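Please look through the structure below before reading on.

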Amino acid sequence: MTARWIVGIDGSHAAVDALRWAVGHGAARDADITAIGAFHVPALMAAFTAKRGFGVDEIGLAATTGHDVDVAIEAVADAGVDVHPVVLEGQAQHVLVDASVDADLLVIGRTGSGELRHHLLGSVSRYCVTHSHAAVAVVPNGAAAATTRSIVVGFDGSDHGADAVRWALDFAGDRASVRIVAAIEVAPWVDEDVTREHFGNEIDAEEQRITEALDVIDPDGRAERSIVMMGPRQALAEAQEHADLVVVGTRGRGLIAAGLLGSVSTWLLHDSALPVVVVPSR
């Protein structure tokens, strides 16, 4: 079955890099790729121009957006993959989330933290990650378009983490290795041996819970498993040093865990040097 991938285009270099990443990975996965550009007229601008007796050139806005999409597609033409251009009216985040309803992957770019556009695109990426019906890949500026060979997945034993593992295994197929990282954070300021001495039973129970959950998700043991005694941010930071892609779920187990994983996801989306995929729970 052909996978449907959509890529958000906003005229930035980051969007071109996102499209290049999608094309580079989609070709081997029989993905049907659509590049979507969105335009809209802010209400304040519409009211301002109406008072002065002239309207906003919506046709011109659509043409400019269409040009941005065409330029992005032309930039990746050497890959030999057909990309379908689409221009829709509406705010970018709403257009992309609506389009994700029947998509398998939504790909968006992320600019460098020193640029003003980062804050604007950040709001779009946060909205898409929160509301998308499909998995969202946030590709940092300049990310390599080469085939992914190593995938790191953050796992906490929750259903959301299970969805992330399943997605990573499916995306990897026989092309990439998958390493599942589960972090157990009890007292990060205390030496691990001391922590195990004082909380041995609790840690053993958590390790067993995680192992049993992974046995259900990955009964054939396709993925390497790492259960580490550290915070999730530190664990993923170390694990991604030798990876090409990071995959996480939308939230953790329970209210406190959800807040922690939310902060980790935010950190990954804004600061990771690798593309990050956030998998929603269906």
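Predicted model: local features only at pLDDT ≥ 70, side-chain atom pairs only at ≥ 80, totals over all residues.

Are Trp-21 and Phe-171 buried or exposed? Both residues are buried.

Across the whole structure, a search finds three aromatic pairs. In one of them, the ring centres of Trp-21 and Phe-171 lie 6.4 Å apart and the ring planes are at 5°, so this pair is stacked. Planes under 30 degrees apart count as stacked. Trp-21 belongs to helix 1 (residues 13-26) and Phe-171 to helix 6 (residues 159-172), so the pair ties together parts of the chain that are 150 residues apart in sequence.

Phe-171 has another stacked partner, Trp-167, with 4.8 Å from centre to centre and 10° between the planes. Here both residues lie in helix 6, where they are four residues apart, about one turn of the helix. Trp-167 and Phe-171 are both buried. One aromatic cluster is formed by Trp-5, Trp-21, Trp-167 and Phe-171. A charge is found at Phe-171 too: the charged end of Arg-29 sits over the ring of Phe-171, 3.8 Å from the ring centre.

Helix 1, which holds Trp-21, also meets another helix. The axes of helix 1 and helix 3 (residues 58-75) come within 9 Å and cross at roughly 50°. The two helices are therefore oblique to each other. Their crossing is right-handed.

Ten strands make up an open sheet with mixed pairing, in the order 3-2-1-4-5-10-9-6-7-8. At the edges stand strand 3 (83-89) and strand 8 (224-228); each has a single partner strand, so one side of each is left without a neighbour in the sheet. From one strand to the next, the twist averages 25°.

Strand 7 (residues 177-183) and strand 8 run parallel and are joined by five bridges. Within this pairing, Ile-180 has Arg-225 in strand 8 as its bridge partner.

With strand 6 (residues 150-154), strand 9 pairs in the parallel sense over three bridges. There the bridge partner of Ile-151 is Leu-245 in strand 9. Strand 10 (residues 276-279) also runs parallel to strand 9, and four bridges join the two. Val-246 has Val-276 of strand 10 as its bridge partner.

How many of the residues of strand 9 (residues 245-249) are buried? Five of its five residues are, and the strand is mostly covered. In a regular strand, side chains alternate between the two faces of the sheet. In strand 9, Leu-245, Val-247 and Gly-249 point one way, while Val-246 and Val-248 point the other way. The residues pointing either way are all buried.

A last stop is Val-97, which is found in helix 4 (residues 92-99). Its relative accessibility is 7%, so Val-97 counts as buried; the cut-off for this is under 20%. Val-97 and Thr-130 are 33 residues apart along the chain, and their C-alpha atoms are separated by 9.5 Å.

Notes:
Residues numbered from 1 in each chain as written. Heavy atoms only, no water. Phe/Tyr/Trp six-rings, centres within 6.5 Å; stacked < 30°, edge-to-face > 60°. Buried < 20%, exposed > 50% of the residue type's maximum accessible area, 1.4 Å probe, protein only. Lys NZ or Arg CZ within 6 Å of the ring centre and 35° of its normal. Pairing = 2+ DSSP bridges. Axes fitted to C-alpha atoms, helices over the stretch in contact; angles between N-to-C directions. Parallel < 35°, antiparallel > 145°, perpendicular 65-115°, else oblique. Left-handed = near helix turned anticlockwise from the far one by under 90°.
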